[in-house]
Amino acid sequence: MKNILDFNLDELKKWMDENSESKFRGKQVFDWIYKKGIFAFDDMKNIPKSTKEKLKDSFYIGIPKAVEVYKSSIDDTRKILFEYNDGNLIEAVVMKYKYGNSICVSTQVGCRMGCKFCASTVGGVVRNLSSGEIIAQVLKAQNEINDRISNIVLMGSGEPLDNFENVIKFIYLVNAPDTLNIGQRHITLSTCGIVPKIEELAEEELQITLAISLHAPNDKIRKTMMPIANKYSLQEILDACKYYFNKTSRRISFEYALVKDINDKIENAEELSSKLTGIKCHVNLIPINEIKENNFKKSRIETINNFKGVLTKYNIETTIRREMGSDINAACGQLRRQYINK
Ligand code: SAH
């Protein structure tokens with residue numbers, strides 16, 4: 001049995017053809033799934049019974065179960081704990097903004113990058129998610145909120161560039177007019193900085209936003225937070241970012257999670273500014289989410305504002321990420337861990 005969500009329209013049309021069905025049935029099935037949010041072959045009214053039987057013999061529609069849905073009473077953020085067929089759990093977060101609904105999807109069950117401040121990586125990686133398993137999070141979330149999702153960030157659990165093929169296939173799939181038609185510019189991929197894969201991504205010449213989890217102004221500090229820093233230097237990452245920009249003309253987004261006394265000093269902001277000068281970018285400062293698996297503490301708001309002040313002084317566009325869903329553990333793999341621990 002195959003997950004039909006792993007197929008793009010051309011592949012499904014080909015399947016129809018090979019199974020003595022008209023190719024246009026492929027489009028009809030896609031309409032039910034992607035345009036109408038119907039996840040059972042039996043409910044697809046214009047599909048003949050015999051075709052449905054064939055479909056059911058070969059495919060399942062791999063929508064995960066929403067085992068828990070938490071709704072923030074502060075800002076309407078929803079956190080969904082999904083369970084796939086094999087019992088694996090991942091989480092996705094849906095955020096309401098003025099410009100539309102945004103979802104943060106997971107790309108792997110767990111993660112093997114080992115960032116010291118992150119809950120998703122506790123326990124390592126279990127497996128990759130397929131393109132269909134990633135798009136299923138968006139489909140199910142749309143049904144959950146009864147509204148369209150217009151923006152996607154690949155910032156849930158997992159390292160997207162450690163699951164390169166499936167993630168690229170997902171981006172093309174979700175971008176296609178016959179599925180969810182989400183514009184590439186409405187998709188952000190966040191990575192801890194796997195340099196060769198950033199270059200490979202640049203070669204695709206997609207119009208998505210590349211976000212880099214930088215979190216430090218130099219390798220010395222970065223190594224204390226992120227094991228990947230032992231493999232690729234900050235300079236190599238920045239060079240890869242320039243390459244990405246040259247290929248795509250897309251401004252890079254740098255994420256910098258501020259941790260008290262580790263990376264939040266004025267001198268750190270000065271050093272960061274000098275490194276980023278000359279790169280078309282935007283910096284997103286994130287007050288770190290305190291999790292119980294480590295001792296990283298959030299910087300004070302004054303410290304965060306001062307840090308921002310330095311970057312702004314050097315004309316680096318900087319925003320402080322709004323904390324959303326803080327009452328529902330909406331950040332960074334906390335929900336899955338909690339559930340597993342229970
Ligand atoms: N693996 C990818 C994407 C998933 S993590 C990456 O590293 O970018 C998404 C973002 O959340 C990353 O910037 C990551 O560094 C950040 N993050 C992880 N744990 C966090 C925490 N406890 N507080 C704040 N941000 C965190």
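## Getting started

Axes here are lines fitted to C-alpha atoms, for helices over the stretch in contact, and angles run from 0 to 180 degrees between N-to-C directions. Helices (H or I, at least four residues) and strands (E, at least two) are DSSP runs, numbered from the N terminus.

You're looking at a predicted model, where local features need pLDDT of at least 70, side-chain atom pairs count only at pLDDT 80 or more, and totals for chains, interfaces and linings use all residues. Residues are numbered from 1 along each chain as its sequence is written, and side-chain values use heavy atoms, with hydrogens and water left out.

## Helices H6 and H8

Two packed helices are described by the angle between their axes and the distance between the axes. For H6 (195-204) and H8 (residues 234-248), the angle is about 5° and the axes are 9 Å apart. That's why H6 and H8 count as roughly parallel to each other. The cut-offs go like this: angles under 35 degrees are roughly parallel, over 145 roughly antiparallel, 65 to 115 roughly perpendicular, and the rest oblique.

Who touches whom? On the H6 side, it's Val 195, Ile 198, Glu 199, Leu 201, Ala 202 and Glu 203; on the H8 side, Glu 236, Ile 237, Ala 240, Tyr 243, Tyr 244, Lys 247 and Thr 248. Contact means heavy atoms within 4.5 Å. Sorted by class, this contact has eight nonpolar residues, one polar and four charged. For the classes, Ala, Val, Leu, Ile, Met, Phe, Trp, Tyr, Cys and Pro count as nonpolar, Asp, Glu, Lys and Arg as charged, and the others, Gly among them, as polar.

H5 covers residues 164-175, which is 12 residues, and it reaches 17 Å from its first C-alpha to its last. That's close to the 16 Å expected at 1.5 Å a residue, where the expected span is 1.5 Å times one less than the number of residues. Which residues of H5 are buried? They are Phe 164, Val 167, Ile 168, Phe 170, Ile 171, Leu 173, Val 174 and Asn 175. Buried means under 20% relative accessible area, exposed over 50%, and partly exposed in between (1.4 Å probe, protein chains only). The cover over these buried H5 residues includes helices H2 (24-35), H4 (131-145) and H6, plus strands S9 (149-154) and S10 (187-191).

Now zoom in on H4. The axes of H4 and H5 come within 8 Å and cross at roughly 45°, so the two helices are oblique to each other. Their crossing is right-handed; a crossing is left-handed if the near helix is turned anticlockwise from the far one by less than a right angle, and right-handed if clockwise. Ser 131, Ile 134 and Ile 135 of H4 meet Asn 166, Val 167, Lys 169, Phe 170, Leu 173 and Val 174 of H5. Six of the residues in this contact are nonpolar, two are polar and one is charged.

## Helices H9 and H10, with Ile 316

H9 (266-276) and H10 (301-313) pack at an angle of about 30°, with their axes 9 Å apart. That makes H9 roughly parallel to H10. H9 passes H10 in a right-handed crossing. In H9, Ile 266, Asn 268, Ala 269, Glu 270, Leu 272 and Ser 273 meet Asn 306, Phe 307, Val 310, Leu 311 and Lys 313 in H10. The tally for this contact is six nonpolar, three polar and two charged residues.

Is Ile 316 buried or exposed? At 6% relative accessibility, Ile 316 counts as buried. Leaving aside neighbours within four places in sequence, Ile 316 is in contact with Ser 273, Leu 276, Cys 281, Val 283 and Leu 311.

## Two residues with positive phi

Most residues other than glycine have a negative phi, and most peptide bonds are trans. Ser 20 isn't a glycine, yet it has a positive phi of about 55°. Ser 20 lies in the loop between H1 (9-18) and H2, and at 67% relative accessibility it counts as exposed.

Asp 261 isn't a glycine either, and its phi is positive at about 65°. You'll find Asp 261 in the loop between S12 and H9, exposed with a relative accessible area of 55%.
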